[in-house]
Amino acid sequence: MPKTILVTKANGDQEPFDPSKLIQSLERAGAKPKVVNEVLKGVRTSLTSGIGTHEIYKRAFELLRTIEKPVAARYSLKRAVLALGPSGFPFEDYIGEIFRSRGFTVATGQMLSGSCVEHEVDLVAHTPNKYIIGEIKFHNQLGLKSDLKVALYVNARVEDIRKFRVKRGERLIDEGWLITNTKFTKAAVTYANCSGLKLVSWTYPRYGNLQDLIEEAQAHPLTCLTSLTGADKTRLMQAGIVLCKTLGEREGEMPGFGITGEKLKRVLTEARSVCESHF
């Protein structure tokens with residue numbers, strides 16, 4: 001009987017290696033069956049009991065990068081979002097770009113009056129039919145979660161602002177959101193479902209989660225591109241070029257960042273391929 005290989009998750013817990021999880025991630029990134037089988041075979045050969053999920057990811061990513069770069073870029077999406085932290089680009093501004101792509105008028109870092117006190121709100125997004133305020137929680141480690149305490153204080157702020165607007169006859173808040181790049185604790189989810197606070201994490205809810213929002217808006221950050229160096233990415237983001245799709249729109253500016261010739265062609269080809277629908 002084959003020996004069970006235990007995998008260490010980002011939070012330190014261990015569980016048996018489940019190839020279906022890797023297969024699902026590869027398929028979502030657009031990998032065809034032949035590529036999925038090749039990567040799975042390569043990963044299996046490097047498995048040792050206790051191996052971390054990050055090591056499995058790295059092995060799969062390196063294999064994908066040699067086979068099909070656009071798929072590798074999409075596969076790295078979760079960690080590409082994580083890389084926005086070290087880059088210094090504010091996560092709330094990135095979330096703002098996603099909402100703009102969905103047709104919202106967006107402002108970040110706004111001071112809003114509440115019935116009791118003023119509140120600094122990470123995200124204000126509205127259309128003629130919907131008004132949203134959101135708290136954005138960025139974690140720089142995948143094992144970290146936003147817990148019940150965070151959900152409680154965010155909902156309290158939403159309600160305080162809502163009461164003020166009711167008293168003043170101002171436009172009402174339709175939804176309060178709490179968005180994170182990692183996960184929520186079970187208690188936070190239970191409370192949000194009861195109180196009406198909308199939670200969005202990488203995989204929650206099942207439909208309309210952060211990964212879905214990014215892919216639907218084609219808001220893949222350029223940190224996922226394999227054809228750019230770390231220094232390239234930093235320079236571009238400092239200039240406000242954050243999304244893969246923006247590279248094509250501002251192609252004429254690329255020589256100013258030292259991206260020219262064949263390298264520019266590779267970058268633009270990869271960026272376009274990353275944003276293409278693959279379902």
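Mentor: Let's start with a definition: a disulfide is a pair of cysteine sulfur atoms within 2.5 Å. Keep in mind that this is a predicted model.

Trainee: Thanks! By this rule, to what number does the count of disulfides come?

Mentor: Let's take Cys224 as a test case. Its sulfur has its closest cysteine sulfur in Cys244, at 3.9 Å, which is too far for a bond. A pair has to lie within 2.5 Å. Over the structure, the count of disulfides by this rule is zero.

Trainee: Is Cys224 buried or exposed? And what about Cys116, buried or exposed?

Mentor: The cut-offs settle both: buried means under 20% relative accessible area, and exposed means over 50%. Cys224 has a relative accessible area of 2%, so this residue is buried. Cys116 has a relative accessibility of 66%, so this one counts as exposed.

Trainee: Let's go inside. Which element gives the most to the lining of the largest cavity?

Mentor: The structure holds one cavity of 30 Å³ or more, and the largest cavity has a volume of about 70 Å³. Its lining includes Ile133, Val154, Arg157 and Trp177. Strand S6 (131-137) and helix H8 (148-168) each supply at least two lining residues. With four residues, the element that gives the most is H8.

Trainee: Now the pockets. Which element provides the largest share of the lining of the largest pocket?

Mentor: This pocket has a volume of about 1400 Å³. Of its 35 lining residues, the closest to the centre are Lys21, Ser25, Lys78, Trp202 and Thr203. Elements giving two or more residues include helix H1 (19-28), helix H3 (53-67) and helix H10 (210-216). The largest share, six residues, comes from H1.

Trainee: And which elements give two or more residues to the lining of the second largest pocket?

Mentor: That pocket has a volume of about 210 Å³. It is lined by 13 residues, and Tyr57, Ser76, Arg79, Ala80 and Ala83 lie nearest its centre. The elements giving two or more residues to this lining are H3 and H5.

Trainee: Last one: how do the residues of the lining of the largest pocket divide?

Mentor: For contrast in your notes, the second largest pocket has seven nonpolar, four polar and two charged lining residues. For the largest pocket, the lining divides into 13 nonpolar, eight polar and 14 charged.

Terms used: Residues numbered from 1 in each chain as written. Predicted model: local features only at pLDDT ≥ 70, side-chain atom pairs only at ≥ 80, totals over all residues. Heavy atoms only, no water. 1 Å grid on protein atoms, 1.4 Å probe; cavity = no way out; pocket = protein on both sides within 12 Å on 5 of 7 lines; lining within 4 Å. Points joined across faces, edges and corners; volume = space filled by probe spheres on them. Nonpolar A, V, L, I, M, F, W, Y, C, P; charged D, E, K, R; others polar. Buried < 20%, exposed > 50% of the residue type's maximum accessible area, 1.4 Å probe, protein only.
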